[in-house]
Amino acid sequence: MSKILVTGGNGFVAAQVIIAALKKDYQVVATVRNAEKGEQTKQALSSRVGDKIANLSFAIVPVIESEHAFDEVIKTNSFDAVLHTATPFYLNAKDPKEIVVPAVDSTKFILKSIQTYGPTVKRVVITSSFASVVDPTTGYRPGYVYTEKDWNPISWEQTNAGDPIDAYYGAKTWAERAAWDYVKENNPQFDLVTLCPPMIYGEVAQYTPSAKSLNTSSVSLYAVLTGQQKEIEVQHVMIFTNVQDIAQAHVLALEAPDAGNKRFLIANDVPFTHKAISDAFIKHFPSFAPNVPTKLPEGVDENGVPIGGSYRADNSLSKNILGLQYQNFEDTMVQFANSVSGLVESS
């Protein structure tokens with residue numbers, strides 16, 4: 001049985017990664033910031049994996065950006081691979097360092113720990129982001145097709161200039177660049193895979209005792225479903241992936257021989273619209289329909305598509321090398337709403 005480390009084990013993506021890995025009979029050690037989060041995660045995931053929950057254990061890493069944060073867990077285990085999902089997603093940070101430092105430093109430090117103390121590790125998979133791919137200055141960029149060859153051109157100076165959106169986009173970009181630079185400069189015993197998903201939606205599997213504890217991307221969907229959002233919002237990111245699909249991509253990246261030292265854009269090749277969120281909720285959840293927003297913002301047609309069109313993604317590399325199959329947007333919305341129905345009833 002292969003043994004893997006999953007960082008950020010109580011997160012939205014990591015929860016699904018753990019589920020996918022356990023179902024494929026991996027032995028999983030997940031890092032969490034404290035023991036309580038480990039217990040909560042085990043409780044949340046046990047019903048989804050049955051007896052295989054016995055193959056899940058936890059390691060406490062209180063501060064992921066600490067230089068030696070991962071030394072002990074890597075020293076005391078013989079991992080075959082590491083899946084590093086633990087990076088922040090806070091768009092409203094008051095100081096760019098709240099995002100940039102943890103993202104960049106934790107990436108460099110965990111790679112150093114693996115090279116130093118993890119001689120059995122053959123592959124490291126890092127959860128990067130479409131934020132490191134897209135050029136936000138080009139807007140909707142009608143007709144453009146993003147691929148793995150694209151990089152966000154944001155500078156280090158702009159990343160740290162004080163704008164929280166720039167800080168997030170820059171942090172993702174510089175963290176991924178730091179990972180590739182580390183491998184190039186240090187020639188470690190492992191190869192590297194980076195996965196770049198855009199908006200990640202779908203089933204909420206992580207421990208979520210209330211709507212207030214939802215992850216960032218799910219909060220926005222919850223506001224639409226429950227009518228807290230009164231109008232359809234202006235859309236900035238035009239592509240998405242289902243959280244189960246990005247989770248599968250992590251596990252497939254462990255197993256695909258040709259995935260090593262490659263970057264993958266993990267996105268459905270059909271763009272979505274914010275109107276499609278409302279449409280799915282109205283169609284499948286009639287009890288919420290009266291409160292779901294339908295008023296469109298300016299600058300879009302009757303289908304919610306930006307006038308003139310938008311960019312899309314080329315996901316052929318992930319299909320051809322990883323064998324990844326993508327779920328559609330409507331099913332993704334249904335999975336999300338079903339998973340939070342209990343939160344709606346208890347709120």
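**Figure 1. Burial of helix 1.** Phe12, Val13, Ala14, Ala15, Gln16, Val17, Ile18, Ile19, Ala20, Ala21 and Leu22 are buried in helix 1, where buried means under 20% relative accessible area, exposed over 50%, and partly exposed in between, with a 1.4 Å probe and protein chains only. The helix is thus mostly covered, with 11 of its 12 residues buried. Helices (H or I, at least four residues) and strands (E, at least two) are DSSP runs numbered from the N terminus. The model is predicted: local features need pLDDT of at least 70 and side-chain atom pairs count only at pLDDT 80 or more, while totals for chains, interfaces and linings use all residues. Residues are numbered from 1 along each chain as its sequence is written, and side-chain values use heavy atoms, with hydrogens and water left out.

**Figure 2. Length and end of helix 1.** Helix 1 covers residues 12–23. The expected span of a helix is 1.5 Å times one less than its number of residues. Asp25 follows helix 1 and has a positive phi, near 70°.

**Figure 3. Salt bridge between Asp269 and Lys319.** The structure holds 10 salt bridges, a salt bridge being a side-chain nitrogen of Lys or Arg within 4 Å of a carboxyl oxygen of Asp or Glu. In one of them, Asp269 pairs with Lys319, and the closest N and O atoms are 3.3 Å apart. Asp269 lies in the loop between strand 10 (262–265) and helix 9 (274–284), and Lys319 lies in helix 10 (residues 316–322), so the pair ties together parts that are 50 residues apart in sequence. Asp269 is partly exposed, at 29% relative accessible area. Lys319 is also partly exposed, at 37%.

Figure 4. Lys275 and Asp279 form a salt bridge, with 2.9 Å between the closest N and O atoms. The two residues are four apart in helix 9, which means that about one helical turn separates them. Asp279 has a relative accessible area of 36% and is partly exposed.

Figure 5. Lys283 and Glu330 meet through their side chains in a salt bridge, at 2.9 Å from N to O. Lys283 belongs to helix 9 and Glu330 to helix 11 (residues 329–346), so this pair links distant parts of the chain, 47 residues apart. Lys283 is exposed, at 57% relative accessibility, whereas Glu330 is partly exposed, at 31%.
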